[in-house]
Amino acid sequence: MKDILLSTMLILLFGAIASSQGKSTSNDSLPDLQAWLAKSMKKYGTYSQGVVEHRISKVQFSGCRMNFDLTGTAAASYEGGMRNITTSSITFELSDLDSNRISERIAIDSDVRTLLVNAIDGKEVVSSRVNRYFAEPISTLERSVSITVRKRIATEMKTKLMSAIKACQQMPSSQPGK
């Protein structure tokens, strides 16, 4: 009797763990996915690399268009001890990204992961404007976007991002490349 009770408890326990970890985001609405992404990117998108602190901020959505800033701040530059700040403003349409081509990579250290999201057909659809301290801004178009966050949230962020991309691609007014 003990064995049956123990087996039943273990099955229920592992079933509960599996269902909480493998929870599908297919029931999440696009606004819910976007709110979660914005909040989580701001909360878990701050990390240090040597003397440089990186911070994701100003995460915003307008329909399926996503914007965010990535700021790198060095403790001091070589020009008289002044802080060196670089801000990249990143903009793209979620529907232009390939939900099947999101990779998760170890970034700076084992506590940080980079999600690399590629554009459909390798098109240059990710707009990046880099503002540097004491330099002219530089604007580029890229074939992918990198989002670096803490390891503990990276896998869930990848899943939510995939769901948001798919939701945008299914919207009648949102066709890739437009």
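This dialogue goes through some named features of the structure and the cut-offs behind them.

Tutor: The model is predicted, so local features need pLDDT of at least 70 and side-chain atom pairs count only at pLDDT 80 or more, while totals for chains, interfaces and linings use all residues. Residues are numbered from 1 along each chain as its sequence is written, and side-chain values use heavy atoms, with hydrogens and water left out.

Student: Why are Phe68 and Phe92 called an edge-to-face aromatic pair?

Tutor: Rings of Phe, Tyr and Trp (its six-membered ring) pair if their centres lie within 6.5 Å, and planes under 30 degrees apart count as stacked, over 60 as edge-to-face and the rest as tilted. Phe68 and Phe92 are 6.4 Å apart centre to centre, with 85 degrees between the planes, and therefore they meet the distance limit and the edge-to-face angle. The structure holds one aromatic pair.

Student: What makes this pair a tie between parts of the chain?

Tutor: Phe68 lies in strand E3 (residues 65-74) and Phe92 in strand E4 (residues 84-93), so the pair joins parts that are 24 residues apart in sequence. Strands (E, at least two residues) and helices (H or I, at least four) are DSSP runs numbered from the N terminus.

Student: Is Ser99 buried or exposed, and how do you know?

Tutor: Buried means under 20% relative accessible area, exposed over 50% and partly exposed in between, with a 1.4 Å probe and protein chains only. Ser99 has 6% relative accessibility, and so it counts as buried. Ser99, in strand E5, touches Met162, Ile165, Lys166 and Gln169, not counting residues up to four places away in sequence, where contact means heavy atoms within 4.5 Å.

Student: Why does Lys58 fall in its accessibility class?

Tutor: Lys58 is at 56% relative accessibility and therefore counts as exposed. Lys58 lies in strand E2 and has a positive phi of about 50 degrees although it is not a glycine.

Student: Which residues touch the most other members of the largest nonpolar core?

Tutor: Among its 32 residues, these are Phe68, Phe92, Leu94, Val145 and Ile147. Such a core is a set of buried Ala, Val, Leu, Ile, Met, Phe, Trp, Tyr and Cys residues joined through side-chain atoms within 4.5 Å.
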